[in-house]
Amino acid sequence: MSEGAYVIVGASLAGAKAAETLRAEGFTGPVVLIGAESELPYERPALSKDYLQGKSPRDKIFVHPEQWYTEHDIELRLGVPVTGVDPAAHRVMLAVGGSQSYAKLLLSTGSAPRRLPVPGADLDDVMYLRTVQDSDRIKTALKSASRVVVIGAGWIGLETAAAARTAGAEVTVLEALALPLLRVLGPETARVFAELHRDHGVDMRFEIGVAEITGRAGRATGVRLTDGTEVDADLVIVGVGIAPNTQLADAAGLAVSNGIVVGADLVSSNPDIYAAGDVASAFNPLFGKHIRLEHWANALNQAPAAARSLLGQPVSYDRVPYFYTDQYDLGMEYSGYVEPGGYDKVVFRGDAAAREFIAFWLDAGSRVLAGMNVNIWDVNDAIQALVKSGQPVDPDALRDPAVDLAGLA
Ligand SMILES: Cc1cc2nc3c(=O)[nH]c(=O)nc-3n(C[C@H](O)[C@H](O)[C@H](O)COP(=O)(O)OP(=O)(O)OC[C@H]3O[C@@H](n4cnc5c(N)ncnc54)[C@H](O)[C@@H]3O)c2cc1C
Ligand SMILES: NC(=O)c1ccc[n+]([C@@H]2O[C@H](COP(=O)([O-])OP(=O)(O)OC[C@H]3O[C@@H](n4cnc5c(N)ncnc54)[C@H](O)[C@@H]3O)[C@@H](O)[C@H]2O)c1
């Protein structure tokens, strides 16, 4: 076991990018990357898109090939859940027995799907999607499923609904709120996603409550709603959100509040423990508050910043949040950050009905909080610049396609 090591717990995108950065920045001491999953560190976005639809191969999901870790002298310990952190002794405890000492520790333990607390949720054919094995299972099930019910119209729900429709199944989406993605987007643009799926033949049902997943002989047969309605299904996919994996931080006495609380330097309430990725609630100076992001770009960029902070470099992570989706023929990018209802108005440039537009979320002072480009490309840098500037912008100029966005920023 390496003494005085820089130890990273959580070997997915954030963990692998942090290890990569430690070496890229010239750190020559021991680096130990410990992960509960047995797979090499991999990226998840394709698991609900191309990979799930059989359009991209498995080897494309990995952050690095296996030999990369050897070449960069990174001790990769896979299939090894960490069961505890002892900050006083500077050690992490391993499920396989024994412990690993650390000089500095990065927690990049990510998040896990929330479970649906209803009878029948443990039946076969009720599937969640977080890991590559989950994606493989759903991919196999989609080959024979004819009636798919998706519970939750968030990112997982909508992307898997698109995959299931594309595979030829009848699809019903059941969502608790009045529209899909409502908390993230607000009603003005959430409608676009409801229409998109309806236009592709998905039965979208809103403001429903799920009472039970019905079954026979251990197999799911449908979903019963709280109003008594029954929807038949031979496959049920559940995407009702995630919770950050804060158990280690909680037990170690670190400050935790909707994620491991870290500053803009990504240091936790313990000076030798850092956090990044889905699990971190990080102070973002741009927005003046702690934000926990559940997106690929955050793991990709925040973890290298955390690694630089581990190395003692000055770090103030203030990137504009970014995410994207692909559903059927709709491609979208979103930059910025808006809490549910935390905006004054939405301004559109382009044709929302034709699903070719940019939407801007403005505050009462006409500052751009976020922007989303749908089936329009090469504008996201300008959107990020508008968000970053924090300056008021004339809404009519945002609306007018003749006005150059980069110039406005
Ligand atoms: C199907 C799917 C599609 C997605 N698509 C997109 C997308 O299109 N765009 C986008 O922006 N985002 C997308 N996301 C979100 C994105 O994948 C996450 O934000 C990203 O994976 C976060 O990376 P992470 O490394 O912080 O955490 P995770 O990817 O959750 O990885 C954490 C790792 O830590 C391990 N771990 C946890 N606890 C322990 C422990 N005690 N000991 C050891 N190891 C532990 C876990 O097993 C896991 O391997 C998608 C997510 C999913 C599931
Ligand atoms: N393109 C992307 O950025 C992308 C793609 C896939 C996954 N992800 C990430 O994966 C994680 C999980 O995604 P997700 O879709 O599960 O979460 P989510 O938070 O995006 O959406 C969950 C949805 O489920 C609904 N819901 C909650 N409880 C319900 C219930 N009992 N019945 C019906 N509906 C219910 C919510 O109202 C919400 O619309 C998130 O972190 C997400 O950001 C991102």
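Predicted model: local features only at pLDDT ≥ 70, side-chain atom pairs only at ≥ 80, totals over all residues.
Q: How many salt bridges does the structure hold?
A: Side chains of opposite charge can pair when their charged atoms come close. Here, the cut-off is a Lys or Arg side-chain nitrogen within 4 Å of a carboxyl oxygen of Asp or Glu. The count for the structure is 19.

Q: Which parts of the chain does the pair of arginine 58 and aspartate 136 tie together?
A: The side chains of these two meet in a salt bridge, at 3.8 Å from N to O. The two residues are 78 apart in sequence, so the pair ties together the loop between strand E2 (31-34) and helix H2 (66-71) and, on the aspartate side, helix H3 (residues 132-144).

Q: Is lysine 388 buried, partly exposed or exposed?
A: Lysine 388 sits in helix H9 and pairs with aspartate 318, 70 residues away, with the closest N and O atoms 3.6 Å apart. Partly exposed covers the range between under 20% (buried) and over 50% (exposed). Lysine 388 has a relative accessible area of 39%, so the word for it is partly exposed.

Q: Which elements give two or more residues to the lining of the second largest pocket?
A: This pocket holds about 270 Å³ of space. Of its 14 lining residues, those closest to the centre are Leu286, Phe287, Tyr337, Asp363 and Leu369. The elements asked for are strand E26 (368-374) and helix H9 (380-389).

How values were computed. Residues numbered from 1 in each chain as written. Chains lettered and ligands numbered in written order. Heavy atoms only, no water. 1 Å grid on protein atoms, 1.4 Å probe; cavity = no way out; pocket = protein on both sides within 12 Å on 5 of 7 lines; lining within 4 Å. Points joined across faces, edges and corners; volume = space filled by probe spheres on them. Helix = DSSP H or I, 4+ residues; strand = E, 2+ residues; numbered from the N terminus. Buried < 20%, exposed > 50% of the residue type's maximum accessible area, 1.4 Å probe, protein only.
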